[in-house]
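Colleague: I'd like to learn how to read a structure like this one feature by feature. Could you walk me through it?

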Amino acid sequence: CRHPGCHNDAGWADLDHVLPHADGGQTACENLCCLCRRHHRLKTHAPGWRFTMTPDGVLTVTTPSGVTRTTRPPGLADPTGPAWTDGPAWPDGSASPEAEQEPAPF
């Protein structure tokens with residue numbers, strides 16, 4: 001699941017249109033991301049949540065209160081440093097300090 005902080009496997013996720021198909025969103029890689037059922041329903045039915053994605057796959061989620069988190073597809077490095085760390089970040093396989101912190105609750 002691409003939702004920040006979610007660890008559900010993509011094998012158990014729904015392929016979701018970031019910009020809804022009914023609103024003109026294309027069924028194309030640039031507009032699709034994997035969300036677990038819980039976060040897919042949150043995005044689709046909960047008021048005030050905003051999901052946007054750049055052409056290179058950087059997903060930004062904004063809560064109704066204005067908290068913003070981003071995730072990047074596997075293998076896409078952030079040149080300014082990780083906005084969200086999810087797993088080992090060092091060459092020796094050890095976790096970075098950010099990976100050991102609990103994510104902000106959504």
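Modeller: Happy to. Let's start with the surface: the protein chain exposes about 6,900 Å², and carbon and sulfur atoms supply 55% of that area. Keep in mind that this is a predicted model.

Colleague: How much of the protein chain counts as buried?

Modeller: Of its 106 residues, 31% count as buried. The cut-off to remember is a relative accessible area under 20% for buried and over 50% for exposed.

Colleague: And which secondary structure does the protein chain have?

Modeller: It comes to one helix and five strands. Following the sequence, the pattern is β-β-α-β-β-β. To read how the chain comes together, look at contacts with a separation of 6 or more: residues 24 or more positions apart account for 38% of them.

Colleague: Let's take the strands. How do strand 1 and strand 2 run, and how many bridges join them?

Modeller: For a pair of strands, check the direction and then the partners. Strand 1 and strand 2 run antiparallel and are joined by five bridges. As one example, His17 has Leu32 in strand 2 as its bridge partner.

Colleague: What about strand 4 and strand 5?

Modeller: Strand 4 (residues 59–62) and strand 5 (residues 68–71) also make an antiparallel pair, with four bridges. Here Val61 has Arg69 in strand 5 as its bridge partner. The hairpin these strands form has five residues between them, and Gly66 takes a positive phi near 100° there.

Colleague: Thr70 is in strand 5 too. Is Thr70 buried or exposed?

Modeller: Thr70 is buried, because its relative accessible area is 16% and the cut-off is 20%. Its side chain also makes a polar contact, at 3.4 Å, with the side chain of Arg72.

Colleague: Now the helix. Which residues of helix 1 are buried?

Modeller: In helix 1 (residues 37–45), the buried residues are His39, His40 and Lys43. Seen down the helix axis, they fall within an arc of 105°, so they line one face. The face turned away from that buried side carries the exposed residues Arg38, Arg41 and His45.

Colleague: What do the buried residues of helix 1 pack against?

Modeller: They pack against strand 1, strand 2 (32–36) and strand 3 (50–53).

Colleague: I always check cysteines. How many disulfides are there in the whole structure?

Modeller: A search finds zero. Cys36 is in no disulfide, and the nearest cysteine sulfur, that of Cys1, lies 3.7 Å away.

Colleague: Are Cys36 and Cys29 buried or exposed?

Modeller: Read each one separately. Cys36 is buried, with a relative accessible area of 4%, whereas Cys29 counts as exposed at 68%.

Colleague: One last stop: where is Gly11 placed?

Modeller: Gly11 is in the segment before strand 1 (13–17). With a relative accessible area of 65%, Gly11 is exposed. For distance, compare sequence with space: Gly11 and Cys1 are ten residues apart in sequence and 8.9 Å apart in space, C-alpha to C-alpha.

Terms used
Residues numbered from 1 in each chain as written. Predicted model: local features only at pLDDT ≥ 70, side-chain atom pairs only at ≥ 80, totals over all residues. Heavy atoms only, no water. Pairing = 2+ DSSP bridges. Helix = DSSP H or I, 4+ residues; strand = E, 2+ residues; numbered from the N terminus. Buried < 20%, exposed > 50% of the residue type's maximum accessible area, 1.4 Å probe, protein only. Polar contact = N/O pair within 3.5 Å; in protein donor to acceptor, adjacent residues only side chain to side chain. Contact = heavy atoms within 4.5 Å. Areas by Shrake-Rupley, 256 points an atom, 1.4 Å probe, with all protein chains shown as cover. Disulfide = S-S within 2.5 Å. Arc of directions from axis to C-beta.
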